[in-house]
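Please read the points with the coordinates open.

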2 protein chains.
Amino acid sequence: MQETLNYIHDNKQRFVDELFELLKIASISADPAYKDEVLKCADEVAKHLKNAGADNVEVCPTKGNPIVYGEKIIGENLPTVLVYGHYDVQPPDPLDLWKKPPFEPYIEKTEIHPDGAIFARGSADDKGQFFMHLKAFEAMMKTNTLPCNVKFIIEGEEEVGSVSLGEFVDENKQKLKCDCILISDTGLYSSEQPTVTTGLRGLSYMEVEVEGPSRDLHSGLYGGAVPNPIHVLSRMISKLIDEDGRITIDGFYDNVLQVSDDERKEMGKLKDDPDAFKKSIGLNGVEGEKGYTTLERTSIRPTLDCNGIWGGYTGEGAKTVIPSKAFAKISMRLVPYQTPDEITEKFTSYFKKIAPENVKVKVTPHHGGMPYVLPSDTKEFLAAKKAMESAFGKEVLPYRSGGSIPITAMFEEVLGAKSVLMGFGLDSDAIHSPNEHYGLFNFYKGIESIPLFFENYAKS
Amino acid sequence: MQETLNYIHDNKQRFVDELFELLKIASISADPAYKDEVLKCADEVAKHLKNAGADNVEVCPTKGNPIVYGEKIIGENLPTVLVYGHYDVQPPDPLDLWKKPPFEPYIEKTEIHPDGAIFARGSADDKGQFFMHLKAFEAMMKTNTLPCNVKFIIEGEEEVGSVSLGEFVDENKQKLKCDCILISDTGLYSSEQPTVTTGLRGLSYMEVEVEGPSRDLHSGLYGGAVPNPIHVLSRMISKLIDEDGRITIDGFYDNVLQVSDDERKEMGKLKDDPDAFKKSIGLNGVEGEKGYTTLERTSIRPTLDCNGIWGGYTGEGAKTVIPSKAFAKISMRLVPYQTPDEITEKFTSYFKKIAPENVKVKVTPHHGGMPYVLPSDTKEFLAAKKAMESAFGKEVLPYRSGGSIPITAMFEEVLGAKSVLMGFGLDSDAIHSPNEHYGLFNFYKGIESIPLFFENYAKS
């Protein structure tokens, strides 16, 4: 292992330089205008896999963006680790809030990242994280220390709901056969308190449309006499959560797993610093479901958020219009044992139920995902915990994250294997936001932890 | 008079052709990108005035867009009519809802306009309407029938609150001295029931901003634990109007003129067809302040409407973001004796009062305008009523419109003259909306009514 760690140490700067090249590619999957960049990024990932020593590297076409595959099989009786990641990124808007252009990576020190952080769209989510696996693999290959078989699938549609992945996995069950899946697409509780993610929330995502009058109207001539869809939508949104922070959708909590008091006590061990939390996002007060802490609200409890709203005149100056339609994007984070189909259905009927009779309402579901839990007594969890304890020199705790990686449930169902969520980002890394960044400390700790995980897992 | 009407009849087609050329100019005052088009339009208006026979034609510079002036003084002892109009237009968006491009005028018959209507941005508001005055003036000049003095001011900032007009009128009191102001920038009750507008609502227009967290956040990691500005703004908007359709702003109705039962009865003479109203805008139900009819809600009662809302991700697909900020444009229509300053202040304090403590709220006032009333026993009203009765061959009723022409109050204050609102558009003409149009019937009736007004007014 020391030889591997030395190799990593000696090649640190090159690893960052190579990542910079990958971050320059604007592989935005949500916007069809960036299709060429997406394809270019897939090709680059394939080149890296080949150069690191992977066999059978392929850029596999799908109905959407290609999935990059590669493998190294060294022994039939050895366990196989399937590494998953995604090379697509979120749209970077609002662009004017970026300190520098989102696809021109640079390094800057921050309070939380005193060693410096890499700023660029995708630096933490997920290019900087899956790239750690390519480099850890390279290190194991170059030093002849790979202790088990490894397969890679790096997809290009995670940010739009992994639309093609399910079919790909279904059709390639044999090829993707593995004992566990290793994913770095989550975060640590903090750089000082490393954690392995043992739970993820699911997701149900909708677009809603409220139509009032059949055309835009002049607010002077019609104002005060017709249903204004912006007001109607606002009232409907304000009816989705009550004063106690509870979601009002009929039956929404029916299948929610009530976490036991003991488990909540165990979770409470993670030092929660409300003031630091508030300060980090410029708030003077938090809010949420009554009876739960911030940490609980974002991990063991389901939530609902409006992710976008628009309607009427939004340009410069004033326009006295009553728009025909108003729109919103609304998503819900789910916990075991809620399912996206169930929640999509409940949301849709409730949203239609609360609509006044003089408007038309349309609800269009986007992608969804199942919640996921990895029990902390599995060998997968233990191998990750031990690896990170070696790398960080500290106790590693289990941690439930509020985010969603919907494919973990699909992997378990189709491949029959557990996913290990060994991510190294921080909540403050601004993923999905302007000035996304990823700490150099975290990047290197990740590269070091991965061969240690392989070693532990091969032995277990 | 017959000679004048004959001249109008013989030149009908040319009048429309000339208007088409004016409609091709995208003189959008709200968007600085169209500055050149605005200037071009002003020059064209000046040319038309000169060719029609006006003296001292000028394109007068202002801090904003120029004001076109022209006059014809034929006798010191004759009354002087000041014609006001505006050559600027509203932004045409949403562009995809136009059947043809907004600045490529064409004629098409509609149910309400069996003789055909001119479709283009600005056709009804206000190019097609002020152009009637240029052509009526031309007809009176060519047939030597102008019975009194006339002055023209055609401005280029009406759609952005006439920001430079006040200063211009103040500085040119002598030049603009007149006995009454004649404006065609409003509508008829219907083509079958001609009306003269005797009241206009005032306006108070704001932009509001709600800031939650100081940066955009990932809704998985933060959702359920922080104030989402879209939810907060939605809740705040839904608190502005209560279940009875009453505006909840403290003191909002303090200065509202309660129209007497007698006057409401008189107004009730205008045939109100709720089904046709609903059908014309594709609604199965209307709404508004309890205790008032649709006609009353849009004329003698003040109202509040959200004209635009935006925040978060509004592009294609899904993005799981909690935005830092959400925005709305909110305007209120005022009635006598509310004032824009009073209402702006009351709105601002109320909006801040209902904001939760964990967000920051900003309110920026846009332009405002005073409400206006022209009593139906004035000679100005009677001259207009009689003129239109001749042109339409029908009884003409007084009508209060819901729209705002804030400058009428300013004219009265600075020039000491009443404004006559003799407009020929229809509510269904889709001004400020896609596929704006103006009936050919209305255009010609307008050109005929104007010389008749001049004749009546000169005699009165």
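The points below cover the chain contact, the strands that join across it, an annotated span and some backbone details.

1. Basis. This is a predicted model, in which local features need pLDDT of at least 70 and side-chain atom pairs count only at pLDDT 80 or more, while totals for chains, interfaces and linings use all residues. Residues are numbered from 1 along each chain as its sequence is written, chains are lettered from A and ligands numbered from 1 in the order in which they are written, and side-chain values use heavy atoms, with hydrogens and water left out.

2. Extent of the interface. L221(A), E287(A) and K319(A) supply 9% of what chain A buries against chain B, more than any other three residues.

3. The rule finds one salt bridge across the interface (a side-chain nitrogen of Lys or Arg within 4 Å of a carboxyl oxygen of Asp or Glu). R235(A) forms a salt bridge with E287(B), and their closest N and O atoms are 4.0 Å apart.

4. Make-up of the chain A side.

5. β11(A) and strand β11 (residues 303-312) of chain B run antiparallel and are joined by five bridges; two strands pair if DSSP finds at least two bridges between them. G312(A) has G308(B) in β11(B) as its bridge partner.

6. Annotated span. An unreviewed UniProt entry annotates residues 199-358 of chain A as "domain: Peptidase M20 dimerisation"; such annotations may be inferred rather than shown by experiment. The end C-alpha atoms of this span lie 43 Å apart, and the span is 29% helix and 22% strand.

7. Backbone. Most residues other than glycine have a negative phi, and most peptide bonds are trans. A cis peptide bond joins D93(A) and P94(A), with omega about 0°; P94(A) is in the loop between β3 (80-86) and β4 (106-108) of chain A. Another cis peptide bond joins P336(A) and Y337(A), and Y337(A) lies in the loop between β13 (325-334) and α11 (340-353). A430(A) has a positive phi, near 60°.

Key: Buried area = accessible area lost by both parts, 1.4 Å probe. Helix = DSSP H or I, 4+ residues; strand = E, 2+ residues; numbered from the N terminus.
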